[in-house]
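Colleague: Please walk me through this structure, one feature at a time. I want to learn how to read each one.

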Amino acid sequence: MCCDFKRRFLLLYATQKGQAKAIAEEICQQASAHGLEADMHCMSEMAKYNLETEQDPVVIVISTTGTGDPPDTARQFVKKIQDTSLPPDHFAHLQYGLLGLGDSEYTFFCNGGKTVDQRLQELGAQHFYGTGLADDCVGLELVVDPWIDGLWLALNEAFLLQKEKGMSSVVGAVPGSPSAAPHTVHELNLSSEVQNLKLEDEGVRSFDVLSQKLVDINLAASTRDTEPSLVHSVPPVSQSALNIPALPPEYLEVEFQDTHGENPHLSSLISEGTTFEVPVTKAIQLTREDAIKTALLLELDIADTAFDYQPGDAFCVICPNSVSEVEELLHILGLSEKGEYFVSVKVKQGTKKKGAAHPQHIPERSTLKFILTWCLEIRAIPKKAFLRALVEYTSDAGEKRRLQELCSRQGASDYTRFIRDSNVCLLDLLHAFPSCKPSLNLLIEHLPKLQARSYSVSSSNLYQPGKLCFVFNVVEFPACPARSFSRKGVCTGWLAELVAPLLHPNKNSLDTKGGISPTKKISIFARPNNTFHLPADPSVPFIMVGPGTGISPFIGFLQHRQKLRGEHTDWEFGETWLFFGCRHQDRDYLFKQLRCFLENGTLTHLKVCFSRDASTAEVAPPKYVQDVIKLYAKEVARVLLKERGYFYLCGDKKHMADAVSDAVVDILSMEMEADKLEAMKMLAMLREQKRYLQDVWS
């Protein structure tokens with residue numbers, strides 16, 4: 001008998017914002033405690049693994065981005081496996097388990113993972129473990145944690161089968177031998193529905209989870225503290241023995257150098273494409289001062305660049321963290337005097353972290369302030385692994401216990417309520433737990449990359465050559481129990497502050513020395529949308545639905561269509577519908593010039609509604625776009641069913657897009673004289689044909 005049978009599995013991850021990588025790293029760390037070897041690679045590192053010859057089990061963790069697309073790091077992989085010339089037994093040798101990450105707020109939930117899963121199945125690969133689909137809408141950990149717990153048994157059985165097959169290939173399989181028995185796949189029905197999960201099984205004790213005895217701590221809590229909070233727990237959590245994650249090994253060391261040199265150019269931080277530094281030439285506030293939200297339109301000058309776009313495309317803005325928040329973080333860390341020092345970040349020698357590597361988003365050499373400003377998402381909601389690491393840097397016993405609770409199985413609901421749903425970030429935690437003094441290397445290890453923010457283009461390069469416009473609401477995060485003040489969005493707050501001199505020229509046009517303020521510039525890169533474009537045939541009719549800032553791409557559509565109509569008078573143009581809604585007609589009707597498009601014939605039908613305006617009419621007008629659409633059911637059905645037109649939807653996913661989809665289903669059901677199921681099938685077909693298109697956000 002061979003006693004040194006190798007228990008290796010290939011671990012692949014594909015991530016957009018770091019979630020899938022963090023989960024893969026957790027699996028990798030736990031693997032060693034189970035006596036297994038995880039060979040971990042990013043899916044984009046295709047030179048480092050080969051599924052065509054892979055004989056060991058494969059574990060895949062993959063997220064979803066955009067409107068159901070695989071992440072950028074998986075695109076080359078997906079393109080390769082979607083080669084139609086591959087035979088149906090191409091991966092017949094492959095045994096795999098897949099964990100998909102997504103957000104059920106979006107129509108194509110976990111579509112990145114589903115796409116890879118389905119294609120591997122079509123090419124003959126077999127599950128050794130059931131697929132898990134984790135939902136960020138309710139908390140990824142609700143599916144991720146039990147999926148990882150069940151992975152080890154499935155892997156052990158896969159290795160046992162692999163070993164038996166290896167032995168039978170030498171001895172020769174005999175009828176009735178274990179190796180001749182069919183392999184039982186561990187099907188794991190993991191639903192994103194919280195009620196289907198039973199996470200409070202305190203009897204579960206596995207090698208990867210540290211079972212900690214309840215520490216007898218006198219918290220000296222007052223009798224009035226009967227409600228839990230970020231810093232305070234109540235029974236049963238406060239009295240439970242805790243299952244907390246294993247401590248992630250530290251793997252980076254930070255060395256302070258001198259204050260001489262230059263920081264890297266922002267373009268070096270971006271791997272997604274060419275960056276362009278462009279001036280902001282115009283800023284307009286589209287809403288009145290008393291509107292609930294502040295909407296701004298910015299115009300960028302791209303004339304001297306190679307930047308190109310189509311109406312419907314998106315682009316990304318490279319933005320910094322708030323200066324005041326960076327200064328505050330430096331102060332709490334005791335590093336205020338070190339902000340302008342250059343630092344060198346290296347992998348720590350002898351680290352126990354497998355596959356430890358220098359983070360790609362951290363420059364080889366830059367100032368500490370540059371890293372905290374441009375490289376790390378200091379507003380990120382801390383993962384449980386980060387909380388677990390922070391425990392080791394917390395001196396107060398009560399604070400230490402509470403952090404343990406928040407990262408434990410028993411404290412899962414507290415984590416969701418007080419950290420995830422409250423948008424708590426590192427700074428909030430450090431204020432709430434003042435005895436927590438983490439090291440700089442720990443922050444660099446656990447804070448994800450600061451992501452560029454994506455915006456829809458609101459202009460046409462044909463209509464306004466050399467210009468690019470976009471519209472956004474200045475995001476406001478309200479105060480919460482963990483934070484006594486509100487804060488603005490990272491990018492929208494920065495942009496609003498940046499263009500204040502353009503919005504209020506009389507107040508801010510002079511700099512501190514009495515001169516004119518210099519032109520403000522921002523760095524951008526393209527993020528083309530492959531489908532959210534005007535129909536290739538201009539004679540095809542289309543419907544646009546865009547309440548609030550969801551109208552943004554349709555301004556570009558209409559500008560483009562107006563220019564085409566002027567240049568090609570002999571072309572036939574299909575009818576165009578626009579459904580727009582906002583709260584108040586006099587406060588946040590963003591583009592009142594829409595009537596100009598109506599008057600010159602570019603727009604055939606304009607239907608608007610105002611949800612907060614009082615009405616004196618006997619029959620109150622509809623408040624929301626989904627209600628207005630139903631008033632034109634026959635016309636909508638005609639465009640979609642008889643004239644094979646297009647339907648474009650842009651805006652808030654949570655409060656609008658689903659309601660509009662439901663309205664369209666009702667319209668199709670009524671006009672087709674079919675039941676709701678048939679209407680839903682028709683809508684699914686329209687999506688498949690790329691004639692029902694969405695550009696939505698949560």
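Modeller: Helices (H or I, at least four residues) and strands (E, at least two) are DSSP runs, numbered from the N terminus. The protein chain has 20 helices and 24 strands. Two ground rules apply. This is a predicted model, where local features need pLDDT of at least 70, side-chain atom pairs need pLDDT 80 or more, and totals for chains, interfaces and linings use all residues. Residue numbers run from 1 along each chain as its sequence is written, and side-chain values use heavy atoms, with hydrogens and water left out.

Colleague: What is the mean pLDDT of the protein chain?

Modeller: pLDDT is the predictor's confidence in each residue, from 0 to 100. The chain's mean is 87, and 89% of its residues reach 70 or more. Among the elements, strand 20 has the highest mean, 98. Strand 7 (residues 209-212) has the lowest, 38.

Colleague: Over which residues is the pLDDT below 50?

Modeller: Residues 170-184 are one such stretch. Residues 187-224 are another. Contact means heavy atoms within 4.5 Å. The model gives 187-224 a total of 61 contacts beyond four places in sequence. Where pLDDT is low, the predicted coordinates should not be read in detail.

Colleague: Now sheets. In what order do the five strands of the open sheet lie?

Modeller: Two strands pair if DSSP finds at least two bridges between them. Here the order is 22-21-20-23-24, with parallel pairing. Strand 22 (605-610) and strand 24 (692-697) are the edges, each pairing on one side only. For angles, axes are lines fitted to C-alpha atoms, for helices over the stretch in contact, and values run from 0 to 180 degrees between N-to-C directions. Neighbouring strands of this sheet are turned by 10° against each other on average, direction ignored.

Colleague: How many bridges join strand 21 to strand 22?

Modeller: Six, with strand 21 covering residues 576-582 and the two strands running parallel. For a landmark, find Phe579, which stands opposite Lys607 in strand 22.

Colleague: Which strands does helix 19 lie across?

Modeller: Helix 19 (residues 653-672) lies across strand 20 (542-545), strand 23 (646-652) and strand 24. The helix runs at about 155° to strand 23.

Colleague: What does Leu683 contact beyond four places in sequence?

Modeller: Ser661, Val664, Val665, Leu668 and Tyr692. Leu683 lies in helix 20 and counts as buried at 5%. Its C-alpha is 7.9 Å from that of Val664, 19 residues apart in sequence. Across the chain, residues 24 or more positions apart make up 79% of the contacts with a separation of 6 or more.

Colleague: On to charges. How many salt bridges does the count come to?

Modeller: Side chains of opposite charge can pair when their charged atoms come close. A salt bridge is a side-chain nitrogen of Lys or Arg within 4 Å of a carboxyl oxygen of Asp or Glu. The count is 37. One is Lys353 with Glu25, at 3.4 Å, N to O. This pair links distant parts of the chain, 328 residues apart. Glu25 sits in helix 1 (residues 19-33), and Lys353 in the loop between strand 13 (342-347) and strand 14 (365-367). Lys353 is buried at 9%, and Glu25 is buried at 18%.

Colleague: Which residues are linked in a network of salt bridges?

Modeller: Glu325, Arg379, Asp428, Arg483 and Arg487.

Technical notes. Buried < 20%, exposed > 50% of the residue type's maximum accessible area, 1.4 Å probe, protein only.
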